[in-house]
Amino acid sequence: MTDETRLERRLDRLIERAANPRKAAVVIAAVTTTITVIAGWLMTVVDHKGFPTLGSGMWWAVQTVTTVGYGDHVPVTRLGQLMAAFVMLLGIGFVTVITASITGAFVARSRREQNLETGPDTADSIQEIMNRLERIEASLTSQSNGA
């Protein structure tokens, strides 16, 4: 599948940067912070009556992205409410997807590393051992019969 969208390519690059848990935490924190800051600023633009200061917009954005939702600041305009719905879905969906993708990459890498440590397929290894044992037994039997 070479028909990746630009968003998929960006997400792939973002996930590649998360090579270890510390870097993954930085990526997740950066994405969450970016979403929060942009949403807080946009809400002061979209619904200036309900969010007259950048601080009130940021406070609302933190509550919304983290899904706490105290309700002390709520959008009153239709555009503000639409944006709030978008930010809620983004906070729940996008951040969760990034976190799950990074976790999935860690799990896949761990499985690859475990396969490298354990070597070839276990069934093949067992069969090889059984074949060797049979040869050893045959050799011992022929030596005892010849002695």
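Predicted model: local features only at pLDDT ≥ 70, side-chain atom pairs only at ≥ 80, totals over all residues.

V27 is found in helix α2; helices here are DSSP runs of H or I with at least four residues, strands are runs of E with at least two, and both are numbered from the N terminus. With a relative accessible area of 8%, V27 is buried (buried means under 20% relative accessible area, exposed over 50%, partly exposed in between, using a 1.4 Å probe and protein chains only).

Residues are numbered from 1 along each chain as its sequence is written, and side-chain values use heavy atoms, leaving out hydrogens and water.

Zooming out, the chain has five helices and zero strands, giving the pattern α-α-α-α-α along the sequence. Of its 147 residues, 20% count as buried.

I102 turns up again in the largest nonpolar core, which has 18 residues: together with V31, M43, W60 and V87, I102 touches the most other members. Such a core is a set of buried Ala, Val, Leu, Ile, Met, Phe, Trp, Tyr and Cys residues joined through side-chain atoms within 4.5 Å. Two or more residues each come from α2 (21-46), α3 (54-65) and α4 (78-118), and α4 gives the largest share, seven residues. In soluble globular proteins, nonpolar side chains tend to be buried together.

Now for the surface. Patches are made of residues with over 30% relative accessible area and no salt bridge, with like charges joined within 9 Å and nonpolar side chains (Val, Leu, Ile, Met, Phe, Trp, Tyr) within 5 Å. A salt bridge puts a side-chain nitrogen of Lys or Arg within 4 Å of a carboxyl oxygen of Asp or Glu.

| Patch | Residues |
|---|---|
| Positive | R6, R9, R10, R13 |
| Negative | E4, E8, D12, E16 |
| Nonpolar, about 560 Å² | I126, I129, M130, L133, I136, L140 |

Helix α1 (residues 6-17) holds R13, and D12 is also found in α1. R13 is partly exposed at 43% relative accessible area; D12, at 33%, counts as partly exposed too. Over in helix α5 (residues 122-146) lies L133, partly exposed because its relative accessibility is 43%.

How values were computed. Areas by Shrake-Rupley, 256 points an atom, 1.4 Å probe, with all protein chains shown as cover. Lys, Arg positive; Asp, Glu negative; His and termini not counted. Charge placed at Lys NZ, Arg CZ, Asp CG, Glu CD.
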